[in-house]
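Okay, thanks for coming, everyone. Let me put the model on the screen, and then I'll talk you through it.

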Amino acid sequence: MGPSDRMLLIELTERLKELSEAVAGLREAQDGLGRRLDAIEADAKADRKAAKQTARTAYAQVEDLLALYRLTGPGGPLPRMRGWAAGPELTRYLAEAVAARGGARVLECGSGTTTVVLALVARSIGSGQVTALEHDPDYAAQTRAELEARGLAGWGRVVDAPLTDVDLGGETWRWYDPELVPRNEIDVLLVDGPPGATGPQARYPALPLLAERLAKDALVVLDDADRPDERAIAARWHDAHPDFTAEHLGHERGTLILRRSVS
Ligand SMILES: C[S@@+](CC[C@H](N)C(=O)[O-])C[C@H]1O[C@@H](n2cnc3c(N)ncnc32)[C@H](O)[C@@H]1O
């Protein structure tokens, strides 16, 4: 092999090396693109699943609303649900629970749509009474006006109950003034207030303070049960009140149901 052949060989070897480096680079880019494509496909699949779930929830909520209009009888359009208020699935659950009991003494922590709906159910079946504790005077007035506008004053009422310091097990909570909570027995307790912004685990005191007042077959309902604060409340209730069994309902924001265990 002459010197020019050797030069050519070196040149070719160099080119080959560059070429194999370029091929390796392309393979890496191809792998990267493959991974991106997989991620895009996984995202699209998750989006399709979420869209299907949203459509299913929306359809179920329309069914719940139709059932609610049947259960509440005449009384004009129902007040807004979802957002700050309970969703149609929880509201229907409550309305059916009250109707199945042939009327119930309902106590609500927090007033609003459910107060009106459950008062409509009480009127429709001719039995029962809804009392809502409300810490905010403006919302109390609003719910009261809604009840009055539908002629429901005899079936539902709102108690102005400012938040006050309540001591429980060495801890202080901001909760409705216990002096203002009506003394009667409770068949259905809806825990949907005070709002979370009033303090951590704001709804915790409801069960320890009212357990004694609950009828033997009472139903306790906690809205927004999927939120971290409400999960923590449920865990504390479970520890402090082992005589209740809990059930989780897969409503849009999660609902926790408690009943006294049958012994
Ligand atoms: C989580 S909401 C739910 C009350 C009721 N259980 C319901 O589902 O309609 C609880 C609190 O929201 C506040 N609230 C009542 N009416 C409201 C309204 N129209 N807009 C925003 N907040 C309201 C009140 O302070 C009430 O105690």
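**Helix α1 and what follows**

Helices here are DSSP runs of H or I with at least four residues, strands are runs of E with at least two, and both are numbered from the N terminus. Buried means 20 or more other C-beta atoms within 10 Å of the residue's own, exposed means 12 or fewer, partly exposed is in between, and the C-beta atoms are placed from the backbone.

Before I go on: this is a predicted model, so local features need pLDDT of at least 70, side-chain atom pairs count only at pLDDT 80 or more, and totals for chains, interfaces and linings use all residues. Residues are numbered from 1 along each chain as its sequence is written.

Now the domains, with bounds from an automatic or database assignment. Domain 1 is 1-72 and domain 2 is 75-260. Their C-alpha centres lie 48 Å apart. Nine residues of domain 1 are in contact with 15 of domain 2, where contact means C-beta atoms, placed from the backbone, within 7 Å.

On to α2. The buried residues there include Pro88, Leu94 and Val98. Their cover includes α1, β1 (105-109), α3 and β6 (186-191). After α2 comes Gly102, with a positive phi near 70°.

Val98 turns up again in the largest nonpolar core, which has 51 residues; Val98, Leu118, Ala119, Val188, Leu189 and Val220 touch the most other members. Helix α3 (residues 113-125) gives the largest share, seven residues. By nonpolar core I mean a set of buried Ala, Val, Leu, Ile, Met, Phe, Trp, Tyr and Cys residues joined through C-beta atoms within 7 Å.

Last, the ligand. Of the 17 residues around the ligand, Ala85, Ala86, Gly110, Gly112 and Thr113 come nearest, counting a residue as near if its C-beta atom, placed from the backbone, lies within 6 Å. α3 and α4 (137-149) each supply at least two residues of that shell.

Notes: Two residues are in contact if their C-beta atoms, placed from the backbone, lie within 7 Å.
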